[in-house]
Amino acid sequence: MGLDIKIPIGLLFTILGVLLTIYGLTTIGDIELYSRSMNININLWTGLTMVVIGIILLATAKYRRDTVEKKES
Amino acid sequence: MDITFNLSWLDYTIMIVYFAFVLGIGWVLKKYMRSATDFLEAGRSIPAWVAGLAFIATNLGALEVIGMAANGAKYGLMTVHFYFIGAIPGMILLGIFMMPFYYGSKARSVPEYLKLRFDEKTRGFNAISFAVMTIFASGISMYALAMLMEVLLGWNFNFSLMISAIIVLIYVYMGGLSSAIYNEVLQFFLIVIGFAPLVVLGLINIGGWDGLKEALNTTAVANGFEESAYMHSWQNTGSPDSNPMGVGWFGVAMGLGLVLGCGYWCINFLVVQRAMAANSMSAARRTPLIGAIPKMFIPYLVIIPGMIAIALTYMPDSGFQLPVKGDSFDYDKAIPMLLGKYFPTGVLGLGLTALMASFMSGMAGNVTAFNTVWTYDIYQSYINPDKSDKHYLRVGQLTTVVGVIVSIGAAYMARFFNNIMDFLQLVFAFINAPLFATFVLGMFWKRATGHGAFYGLVSGTLAAAIHHGLTSPEGSHMLIKGGWLGTVVHYYPSEMAQNFWTAVYAFTACFMITVLVSVTTKQLKTNEQLTGLVWALTPRIKEDGVPWFRSPEILAVIVGIIAIAFTIYWW
């Protein structure tokens, strides 16, 4: 079946990660918002982690596609 | 403590993006659905690592996440038994010994294997009970999710029920088992990233692993146990009275490890179906073993939050308290309350999305397993055989719709008759407990006969019912928890102990009666018919040209070593 599941997961993680990172950046120093998460900007950290995971997944998917194409040609 | 959340536009956006992706995957896969095999068996084309993650994700439903956190709060670290002795031996057994028969026999479902190996009545009994059970299981989890959304978000019960059911319906209708499996992998990633921040924040809050240990000492003493009772898995199992679960090591090893664990992971079609969809025999055998590796780390994600919740409850100045229900805590609220305590806007949306993802992966698993069993083992076998493949593809698709509608009905039944659901779950526990004995004898003893299997199953089910009817967990007054045969001959320290021992009795009864009836009846199957179905009559698989790191045996050894290391670490 022609679906490499790493691509949708990578895309989803990148999109959600960027959303959370931007929100985390705009709320830096928002003491009220982050009092419940022990003054940690958890949106920023979770967002960045998701972007990294997303990009790794997309990169491995692309690498695999390239090597398959090379083999075929 | 009020746990109604206020969601912002960001939280809703995260949920909507997730919904778009699950539906999108179904839509992409739609064009590959050309035959009944594509729809109901994923065309046997799934790569091993995808099948492996789906294998554990389908088990990681919302009820499992909420329930295992609840167990973590109630029983402490002993809950890890469900992830080690209650899972790993079963997964290794499935991958190394049992998968060759399932995959090699070309059976399309677990009941169909029973028909090939034994006879029609054994298959019919298994197929019908399994079909009814999956429908109720998906109904119950739907009910649980809708209840949670009602309590947490103030969403209308009917609205959350419909929206979650319709999304699962659409993506399974479009892409069948493939769509369910690929989505389960996506959902697995989301569940991990959604709950991980909860664990990190909880541990920071309580002062790390050492802080948790110390806080749980207070909890243990307050509950009348030794200080370390909540932080060990085996150490306090010498006597059932010295640990919060109320079970001794023998009950854990035999009841949970042998019967319930192996019985679930080796023969429940819900999970076995994922391995049977793999793209080769080798991939099918590796599926449960690949799944076993992340499985061993899931306790960090679901059990530790429960332990944090109970530890905080017993800390005087934590400002956190699990709500009380009856004469104990409402342990099921552990995860939702921690989400509310720690998550600000943003990750809150992510955490709730993870909860929904876990619900969907569990429900889609039930729906796809029901589709296959209904279409092949009931419809094609008893109602309308000898039709074209296109016909069965259509039936499979329509079954998805009917299955979801019936489970919505079951969800409303659960809402209005709570006890009926408990009762049904109990009945299914009776039916399932002895099944593992039937499979062990079927696969490894060629003399086991159809009559033997059928009467063994029936007597195992009866033994479970009788044992349950004559015993009761201490301090329980409800008939549904046992003792409904009038006299109670034994009291167990906990419900968990009663469950484990019910399973042991059911297994033993089924095993003995199957052997007894088999030796007194004629084997109606010839050796040729049993080739590929029984150990002694099946040529060993030679995997030439498979690199060592893809060998199921090597993988099983690695899994075993990690499991032993964890067991010692958490002793």
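This is a predicted model: local features need pLDDT of at least 70, side-chain atom pairs count only at pLDDT 80 or more; totals for chains, interfaces and linings use all residues.
Residues are numbered from 1 along each chain as its sequence is written, and chains are lettered from A and ligands numbered from 1 in the order in which they are written.

H4 spans residues 62-75 of chain B and H13 residues 298-313 of chain B; helices are DSSP runs (H or I, at least four residues) numbered from the N terminus. Their axes lie 7 Å apart at an angle of about 45 degrees, with axes fitted to C-alpha atoms over the stretch in contact and angles running from 0 to 180 degrees between N-to-C directions.

Next, show the residues where they meet: among them Val65(B) and Met68(B) in H4(B), and Ile303(B) and Pro305(B) in H13(B). This contact (C-beta atoms, placed from the backbone, within 7 Å) holds 12 nonpolar, 3 polar and no charged residues (nonpolar: Ala, Val, Leu, Ile, Met, Phe, Trp, Tyr, Cys, Pro; charged: Asp, Glu, Lys, Arg; polar: the others, Gly among them).

Now colour chain B by domain: domain 1 is 9-24 + 42-416 and domain 2 is 430-539, bounds from an automatic or database domain assignment. Between them, 29 residues of domain 1 of chain B contact 25 of domain 2 of chain B. On the domain 1 side, H10(B) gives the largest share, 11 residues.

Conventions: Two residues are in contact if their C-beta atoms, placed from the backbone, lie within 7 Å. Helices (H or I, at least four residues) and strands (E, at least two) are DSSP runs, numbered from the N terminus.
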